[in-house]
Amino acid sequence: MKYTKLGNSDLNVSRICMGCMGFGDAKRGQHSWTIDEAHTKEIIKHGLELGVNFYDTAIAYQSGTSEQYVGRAIRDLAQREDVVVATKFLPRTQDEIENGITGQKHIENMINTSLQNLGMDYVDLYIYHMWDWNTPIYDILDGLNKAVKSGKARYIGISNCFAWQLAKANAIAEKEGFAKFVSVQGHYNLIFREEEREMVPFCEEENIALTPYSALASGRLSRQKGEQDTKRAAEDAYAKFKYDATAQQDSVIIDRVSELAQKHGVSMTEVSLAWLLTKVTSPVVGATKLHHIEGAAKAVDLTLTDDELAYLEEPYVPHPLAGVMAQNKRENAKEKHVWTTGSQKIREK
Ligand SMILES: NC(=O)c1ccc[n+]([C@@H]2O[C@H](COP(=O)([O-])OP(=O)(O)OC[C@H]3O[C@@H](n4cnc5c(N)ncnc54)[C@H](OP(=O)(O)O)[C@@H]3O)[C@@H](O)[C@H]2O)c1
């Protein structure tokens, strides 16, 4: 494994971050394909053996059970100071707003619950999961700063935002002397590259770490269409929602990934992640099987030539925003979020 600094923090993170959205009680959340605690522990154990020290979960994942499984596995398998644990908080609910719970109080409640779920007294990175149009950014930043000052969070990160939102937030934080966001977890992979317009150059300018999610397009960049259909491929309505509309145009890129994988004698996962590793700090890669994390870890040792990188990039055409980012606008402020409700709705159809 290789390691690097996470943006302007002193966290030393593995170049692969283990995405923990696939861990948790399958009966208690938005995903029906998540794995139980015993299997979670096996995968985290293997991740640690491979040198993966960076773990990404969220309070939203399977109603906090992902945090619980991750926390207990790390307690049993590692020294707390040897791992970098990231978790995320959700926007304020309508009930909280009506009951006068401020953004600051909301963050305090959320981090206390996450720390309880994790069985930890701090998280290394506390992530603003998605832009909350109903809560002033000052209140969010003040709440996050209080979490840092109290020692409950070492650093803060942001996810699912536009570059202008991050720039605005960090400018306010700087003016107020609050903690600034050191990382951004956006949706970025070979078949979804909209982050390259504004976010990638902005983060380079500011030394903010990019830790993109769905680095393998939820498996689409790991296998040819129809190959090894999995429980997740069949049941993950949320990923279908993100990728089905552009599947035809994306297949050209996926074919090129496959072609280069054959040429190098490696997996498609390794090629897809080797490309992304030339752009970002640490991709967040979902693992629900031992071979998933093995493939991801191997990617750090694969170097593609400039011609190969260009060959992978050449067929891309701009994509409409998908998933959480498609909802990131003021007129959706009163809507329940697609991430928390949408996939269930899709599944029910
Ligand atoms: N901030 C956010 O809003 C947000 C949103 C989504 C995800 N995330 C984070 O990002 C993480 C990753 O997201 P994701 O799971 O959607 O995307 P992903 O990493 O793009 O996809 C993971 C899937 O790819 C396949 N895969 C992984 N490694 C493989 C390997 N070595 N060989 C073959 N197939 C492999 C598996 O699919 P099969 O199971 O079908 O085999 C696996 O479930 C999550 O766990 C979560 O931590 C954050």
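This is a predicted model: local features need pLDDT of at least 70, side-chain atom pairs count only at pLDDT 80 or more; totals for chains, interfaces and linings use all residues.

Biologist: How do H1 and H2 lie to each other: roughly parallel, roughly perpendicular or oblique?

Modeller: Helix H1 covers residues 37-49 and helix H2 covers residues 65-77, with their axes 9 Å apart. The angle between them is about 50°. Roughly perpendicular would need 65 to 115 degrees and roughly parallel under 35, so H1 comes out relative to H2 as oblique.

Biologist: And how many charged residues are in the contact of H1 with H2?

Modeller: On the H1 side you've got Glu-37, Thr-40, Lys-41, Ile-44, Lys-45 and Leu-48, and they meet Tyr-69, Val-70, Ala-73, Ile-74 and Leu-77 of H2. Sorted by class, that contact has seven nonpolar residues and one polar. The charged count is three.

Biologist: Moving on to H10 and H11, what's their arrangement?

Modeller: Helix H10 (residues 247-264) packs with helix H11 (residues 268-277), axes 8 Å apart, at about 110°. That angle sits in the 65 to 115 range, so the term for H10 against H11 is roughly perpendicular.

Biologist: Which residues of H11 does H10 meet there?

Modeller: H10 brings Val-257, Ser-258, Leu-260 and Ala-261. By class, the residues of this contact are five nonpolar, two polar and one charged. The H11 partners are Met-268, Glu-270, Val-271 and Ser-272.

Biologist: H11 packs with H12 as well; what is the handedness of that crossing?

Modeller: The axes of H11 and H12 are 8 Å apart, and the angle is about 45°, which makes H11 oblique to H12. H11 puts in Thr-269, Glu-270, Leu-273, Ala-274 and Leu-277, while H12 puts in Gly-295, Ala-296, Lys-298 and Ala-299. As for handedness, the crossing of H11 and H12 is right-handed.

Biologist: Now the sheet: which are the edge strands?

Modeller: It's an open sheet of eight strands with parallel pairing, in the order S9-S8-S7-S6-S5-S4-S3-S10. An edge strand pairs on one side only, and that picks out S9 (209-210) and S10.

Biologist: What is the bridge partner of Ser-183 in S9?

Modeller: Strand S8 (residues 181-185) and S9 pair in the parallel sense, over two bridges. In S9, Ser-183 has as its partner Ala-209.

Biologist: Which strands does helix H4 lie across?

Modeller: H4 takes in residues 103-118 and runs at about 135° to S5. The strands it lies across are S5 (84-89), S6 (123-128) and S7 (153-159).

Biologist: Last stop, the ligand: which element gives the largest share of the shell?

Modeller: There are 32 residues around the ligand, and Gly-19, Met-21, Gly-219, Gly-286 and Gly-295 come nearest. Elements giving two or more residues are helix H8 (231-235), strand S10 (284-286) and helix H12 (290-299). The largest share, four residues, comes from H12.

Conventions:
Residues are numbered from 1 along each chain as its sequence is written. A residue is near a molecule or strand if its C-beta atom, placed from the backbone, lies within 6 Å of it. Axes are lines fitted to C-alpha atoms, for helices over the stretch in contact, and angles run from 0 to 180 degrees between N-to-C directions. Angles under 35 degrees count as roughly parallel, over 145 as roughly antiparallel, 65 to 115 as roughly perpendicular and the rest as oblique. Two residues are in contact if their C-beta atoms, placed from the backbone, lie within 7 Å. Ala, Val, Leu, Ile, Met, Phe, Trp, Tyr, Cys and Pro count as nonpolar, Asp, Glu, Lys and Arg as charged, and the others, Gly among them, as polar. A crossing is left-handed if the near helix is turned anticlockwise from the far one by less than a right angle, and right-handed if clockwise. Two strands pair if DSSP finds at least two bridges between them.
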